[in-house]
Amino acid sequence: MLHVQRTVWTTCLSITIFVAPLSAQDSSEQERAKLDFFESKIRPALIEHCQECHALDSEQAGGLLLDSQAGWQKGGDQGPAIVPGKSSESLLLKAISYSNPKLQMPPDGKLPAGVIENFRQWIDSGAIDPRTTEHDSSKTKSQGLTVDQAQSHWSYRPVQSSLLINVAGSNEHKSSSSSAWIDAQINAKLSESEIEPATRAAPEVLIRRLYLDLTGLPPTVSQLKEWTEGFDATRYTQLVDHLLASPHFGEAYARRWMDVIRYGDSVTLRGFVLPQSWRYRDYLINAYNEDRSFQQMICEQIAGDLMTADDPDARSQQLIATTFLTLGNTNLEKQDKEQLDMDYLDEQLDVIGAAFLGQTLGCARCHDHKFDPIPTRDYYALAGILKSSTGLKHSNVSEWIEKPLPLDPVAQTKFGELESQHTKIAADVKELKKKLDSLAKANPRFIKTDELPGVVVDSAQATLVGKWVESTHVGNIVGESYIHDDNSEKGVKSATFEPQNLPPGEYEVLLAYQASENRATNVVVQVFSADGEKEVTVNERQQAPELNLWRSLGRYRFEDKGQRFVLISNANTDGHVILDAVLFLPVSQMKDGSLSAALQVSKSGSGSGTDAEKQKATLKTLEKEAAELQKQLDERPKYMTVVENSPPKDLAIHIRGDVHTLGEVVPRGFLAAVSMSSKTRADAKPTTESPSPTRKELAEWISANENPLTARVYANRVWSWLMGRGIVATPNNFGITGSAPTHPELLDNLATRLIQSNWSTKVLVREIVLSQAYQRRCVAPGSVASDVDPENLLYWRGHTRRMSVEALRDSMLLVSGELDYSRGGSLIQPGTKADYNYTHRTTRRSIYHPVFRNSLPELFDEFDFADSSVSIEARSRSTVSQQGLSLMQEPWVIARARQASLKYSSTFKSQSVDEGLTELYLACFSREPSNEELKVCRSFLGLDSSPNEASDEKTSSGENKRASSANPKTNPTDEKTVIDPMRLELLIQSLFASIDFRFLE
Amino acid sequence: MSAERQLQRRAWLQQTGCGFGALAATALSQSSLLPASRAYAGKPELNLSSGLHHPAKAKRVIFLFMQGGVSQVDSFDHKPLLQERDGQAFEFNDARQLAKTGKATTQRIMKSPWKFQPYGQSEKWVSELFPESARNADEMTFLHGMHTEGVAHGPATLFLHCGATNSVRPSMGSWLLYGLGPENQNLPGFISIAPSVGNGGPRNYGNAFLPAQFQGTRIGGADSDILQIKNLLPRKDISELDRGQQLQLLSDLNAQQIQRREYKPNEFDAVVESYELAWRMQSVAPPILDTSDESTETLELYGINDPKTRAYGQRCLLARRLCEAGVRFIQVNYGDNSANPAWDQHSNLPKHADHALAVDRPIAGLLADLKRRGLLEDTIVWWGGEFGRTPYAQDNGTGRDHNPGGFTVWLAGGGFKSGSSHGATDEFGFQAIQGKVHMHDLHATILHQLGIDHKRLVFNHAGRDFRLTDVHGRVVQEILA
C-alpha cells in the first residue's frame, strides 16, 4: 500500500504548484466550480482507476497518459482521449461506458454509474484540467534507431569487400589455396592478439569432421581406411570435393535450412497431417545437391508460384518451393478469421525476416521497433505485399490449400482422358439414378433402420427441444416417421442426432429428408466431429441427391471420446424444417466409393420388376467405375501453396497489432532502412522501385546482390554451420540487439564471395572447409588464449561439435548396419490423418522422417531437435538427465545396440577380441582404441588378459566386475573367443552413450 | 578425475550455480548459461524464503485442469435468474458469433439442471455437481470474474498454459521453474500428469525458447491408467548387477575419452553427471510414483477404491506425493485425447454430471490430505478450465457453447483469502462485469504468491524480452490474504 500513498503525495505536490496561477487568471464563480468538480470528482477517480497504467511512471498502456492535460490531449495509439465539450465523441467515455466490447476500461470491471456520469459531465462542460505536468523527455520510453540513422548500424551499410577479383577468377576452384583470403583475415586478428593458433588436426579427426559436417554421417570403417592413407593436403581437397558431390550433402544442408524455416509435416492443434510438405523438403535436398544458386532459391521460396519456367519439372520445382510460405504451425481453428489471416501473415513475415534478412520484424507489428530502424509502417508496407495471397480456406476449422502439380505431356494426356471418362460416367450415373428414383417414388415405403449400413439415428431417437410434429405424409421414410417444425417458433426448436455407439473412424455423414415446395431453403446443420464444428446449409426444397432421400453432409473423423453429433436448429429458416434421420456411414464400408450403392437397401428393393433390378446392377457397375477413376485422379500429385485471392491492396496499420483497430493506410513497400541506392556494382540492378510492389518484387528485392543484409546473413549462416558459431553470433538477428560481427571484413568478403560465385553454397562451404581455420585441432587454451580469448571467438582452435540428434540416430543405424540410404519421398504411413501417437517405423535417414509436431521420432525431444514452429538459428546444447535416461533405457537405442551386437558377433568370431574391439571403435569413433580402452572393454566382456592387469584397476566397482555374469572364456588373442552377446550389446550401447559418440573433435 | 579437473569443475559450479544445488547446476545446459538470458545471468542468489523478487507465500502449484470448459452456471456461479427465464430468448454477444460476424445473436436461456445449496461458514452456493469439493468452500477463493482469450479449445488451452493463443511460448510451469529452480534435484521440477495429446499437446507443458531443463515432464497420458515417466523404470531384461556394471563401464569410457582429449569443455562434466542424475532419478522417483504404500484410509479418501473415481483419484494422490517430494508445478489433468475434450458439452449438458462425479471426491480428498499434512499452507491449488460455458443453449440444443468472456476458477492454499469470492458475471452468468480477472492477471497473481514479479521474470529471445504475461497482467491484490 506504500506505493499508493506515494502516488497520492506526488500528485498533491503538483496541485500546490499549479492551482494558484490558474485561479489567479480566472476567478469567475463558474470556472471555480468546474475546477472544484475536477478536484473532488475527477482527479481522485483518475488516480484510483486509471493512473496505475496510464501515467508517466507506469507502463503507459496504449501509449495513453491520463496524468496530465497534455496526456489526454495527445492521446494514445487511437488518438486524443477526450474531445472537450463532446463526451459522445470522446474515446475515454466510450471506453469507460463499456459500449464497445473491444475497448473496455478499466479492464477489471465497469466503473459505478455515478463515476461514469461524473466523467460525462466533466467532459461536456469543457474538461477543465489544471494538471500541466511537463513531461521529462528522458522519462519517455527510449527510442531506437530511426530510419535516417540506419546507416550508423553496420548491417544496413553496403557490403564492403577487400576481396581481389582474381579469387573470383578461380571459379573452377580446384586450387587448394583458394581459401587463403579467409586465413589471412583470421590470422591477422590472431597475431594482433598474439595468440598462436592450434595446428592441423589429425587425419582421422579431419576425416570424421568432414564427413559429419558435409554429409551428416560418419565415415564407415572402409571409407576411413581408404582416406587415411597418405592423407595430405591434396587428399584432403579430394575428400572435400568427393563429399560435396555426395547425394548426402543435400540431405545435410537441407536439414540445416529446415531448422531456419520451421519445417513441419503436421500442425499441433488437432494434429492435422500436412501430406505435401515432404515435396518441399525434397526440393531443398535436390537444390542443395545440384548447387542451385541460393539467390534463385530465395526467389522460388518466396514467389516461385509467380515465376515462369518452360519445362514442367522446373515449373513444379518453383511451385513446390513456395510451400515455404505455408509451413507455419497455424492455429486453424481460431474463430476470428480476420485475426487468423493476419496471424498467418505475421508468421510468414517473422520467418522471412529472420531467415533471409536477419531482422526481427515481428517487433514492429504492434509498435515501431524499439531498437532497429523498422517503423510499424514498414511492417504493414511488407504485410500489404503478402496480403494479396492466402494459404487458408476458411471454415470453422480453416484448411490449407493444395493444388495439382503440372505434368509432362504424357501424364497430362493420361489425366485428361481419365477426367473426361469420369465426367461421362458421372453423367450416365446421374441419368440412371433419375430413372431409378422415379421408380422408387412410385413405391413409397418405410426403410427399416437395421437394413441400412452404418449407424442410423432416426428422428425418433433424436433429442428434441421445442415442439416438433411427427408425420408420414410423403416419400420414402427411414424408420416409422419423420418430424418437422410446423414452420413455427423459429429459433426455439432444435434436434440433436447423437449416435449411442460409434466406433472411431472416418464417416460419411448423411441427412435424410423429404423434399417439397414448402420446405426451408436454409436449414443450418452443424456436424460436431474430431475435425471441429462444421456448418452445412441444406436446401430442403431440392430433392436429396441420393435416392431422393439422402444428402451427404461431408466426411468426418470421429474419435472414441470426442463429440459426435449433428445439431439442427430451426433458427432463421424460411419454411418447414423436415428431418428424417442422420446416417453415419463408415467410409470403409463404401468399398467401391459409391454412396448410392451403399445406401441401396437390397433386401426389399425399392424398384419393381427385373427392369429396375437390371438398372440397379448397371448403376452399381458404373458407380464402381467412376470411383475407380476418381481414385486414379486422386493420385495426381499435389503441392501445398498459397493462392492470389484478392487484388493487391495497401494495408492500414493495425494499432497495437489489433486487426479491428485500424490506423493510417500505408503504401506497399520494403524496409526503408535498407537503401540500395549506393550501388557497389552495376551488373545486378536493384529491383524495381515500383510504387506498389508484388510478392515477386519482394523476393527480388530480398535476393538482390545489393541488399546489404541477405548475402551477409546467408554467408554467416553457412559459416556458423561449419565453424560452430557465426561471425555474427545471432544469425537470425543482425539488428541492434544482435551480436556485432567478430570479423566484419571477413563477413563482407564471405558475402562478396557468395555473390561472385552466383550464390553457390558449395563454393562457400568448400572454401571454408579448405581454410586452416577449419582444420585446427581442438586444444586446451594456452596462457595467452585463455586470458585473451577463452571462448575461441577468434577461431584459434577447432570447436567441439555436438552431434545433432539426426546424426546421433543415423550413426547408430550405420554402426548397427541397418541404415537405409534410399532418398526422397513421403514416409507418412498411408491413411494417417492426425499425428497423435504416431509410430515412426523406418531405418531411413532421420531427415526423411515426418516432422510431426505432436509425435517426433525417438530421441528428437530429448536431444535438442529444432523447435519446428519457429525459425531456429542454432540448436540449443542442453545436457539434461532425460538424455541419460534415453540413451540407457530407450527401446529404440537398445534395439540398435542389439542389432549391432549381432552384426559384430561374427567379427568377434573370426578375429581376436582386440581386433573386434578396434573395428567397433573405428565404426563408432573413427579411431582406434588405446590399450587402456581395450582393457576396460575386455574386462567388461569378462575377458581380462591377465589377473595382474585386472587387479591394477582402481575403479570403485572393480570387485563387482570380476564377479560379473560373463566369465573369462579364454585369452584375448585366442581366435576362438566366445563373447556373451548380451555383454557385447551393453558394451555397444555404452559406446553409443559415451562422449566420443556424442561430441566431435 | 584429476585434482585440477575437480577444481575446474568446482569453479564452474560456483560460477553458474546461482544458488541451485550443485547437481542441478551440472545438469544445466551450457548454452543456457551463456548470454542468451539476461535474467539468468543477472539472477541474484536465490533464497527461497525471501522469494525471487519478494517474500513468497507459496512454494509450489498444483493445477487441477478441467479440460474442455466446465460450465460456471452449473457449478460455482449460482444464477437463480436462469431458472426464472428458462426458455426465453435474449440478445447475447456470443463469442463465436461475435468473432465470425461481429454481431450479437438471439439465444435461448437454459436453466441449470442441478440444484444449488450454501456450504460452509462462507455460505457459498455450489451446485450438487460438486458436493465433496464444496465442503471445502471455506478453504477456497472463488474468482467469478475470469475471462480469457480464444473461443476454440486449441487457442484457449494454449493461452491458459502459455499466455498466448498462437505463438510458441513457454508454459507457466517452465517459467516458474526457470524463476525458482527445482526444490528436489533428483526429480523433474515440472510435471504434467496424464496430459492429453490434443489442443496443443506437448506445447502445453513445453519450454519453448527457455532452456531444456525447464521443460515439463509427462507422467502417463489422458487415455492411460499407467502413471509413469518415460524411460524411468530400469530395463527388466538385464540384472541390477549388469546395469550397474554397464554404468561403471560408461563412466570408465567417458573418463578415458575426456582424458584423451586435448580440450575438455565443461559440458563433458555435465554429460557425465547427467548419467549419474538419471541413475539417481531411477532410484528416487519410482518409489514416489508407486502409491502402494498408502493406507486404505488414504485410498478411500481419494476415491481410489471406487471405479468411478479411481483414475482421477490416482492422479490427485500422485500429485500430493510429488508435492511432498518438492516438485514445483504439478498439473493434474482431467481430459481426454479427443478434439472436444471431456467437459465440452455442446450437446447433452447432463454429461457434466459424469465428469463431476469422476473428479469431485478426488479433489476433496486432495485438499483434505494436503491440509492434514500441513502442505496446503505453501501450496497453491488451482482449479479450472480453459474457459467457461454459455448460460444459453447452443443453437437451442441441449448443450452449452464455449464462453471465454466469463467463468469461474477457484484457488486454495498458498496465501489467498480463503472462504471468499471475488468478481462477478452478469445476472445470467455470461460476461464478467465486476472484479474482472484476465488469465494474464491470474498468472501474474499466482507468480506473485510464489515470490515472483511477473514483469521481471523475463527471457531474451529473438531480439526481445519475453514474459509469461506478455505486456499485460495485474496482480489481483484483492484476493491476497
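This is a predicted model: local features need pLDDT of at least 70, side-chain atom pairs count only at pLDDT 80 or more; totals for chains, interfaces and linings use all residues.
Trainee: What pLDDT does chain B average?

Mentor: pLDDT is the predictor's confidence in each residue, from 0 to 100; chain B averages 86, and 90% of its residues score at least 70. The model scores ipTM 0.77 and pTM 0.78.

Trainee: In what order do the three strands of the open sheet in chain A stand?

Mentor: Strands of a sheet pair through backbone hydrogen bonds, either parallel or antiparallel. Here strands (DSSP runs of E, at least two residues, numbered from the N terminus) pair if DSSP finds at least two bridges between them. The order in chain A is E7-E9-E16, with antiparallel pairing. Strands E7 (469–471) and E16 (578–579) of chain A stand at the edges with a single partner strand each, so one side of each has no neighbour in the sheet. Three bridges join E7(A) to E9(A), residues 482–484, and A:Glu470 has A:Ile483 as its bridge partner in E9(A).

Trainee: How many residues of helix H9 in chain B are buried?

Mentor: A helix is a DSSP run of H or I, at least four residues, and a residue is buried if 20 or more other C-beta atoms, placed from the backbone, lie within 10 Å of its own. In H9(B), residues 172–180, nine of nine residues are buried, including B:Trp175 and B:Tyr178. Just after H9(B), B:Gly181 takes a positive phi of about 75 degrees.

Note on methods
Residues are numbered from 1 along each chain as its sequence is written. Chains are lettered from A and ligands numbered from 1 in the order in which they are written. A residue is buried if 20 or more other C-beta atoms lie within 10 Å of its own, exposed if 12 or fewer, and partly exposed in between; C-beta atoms are placed from the backbone.
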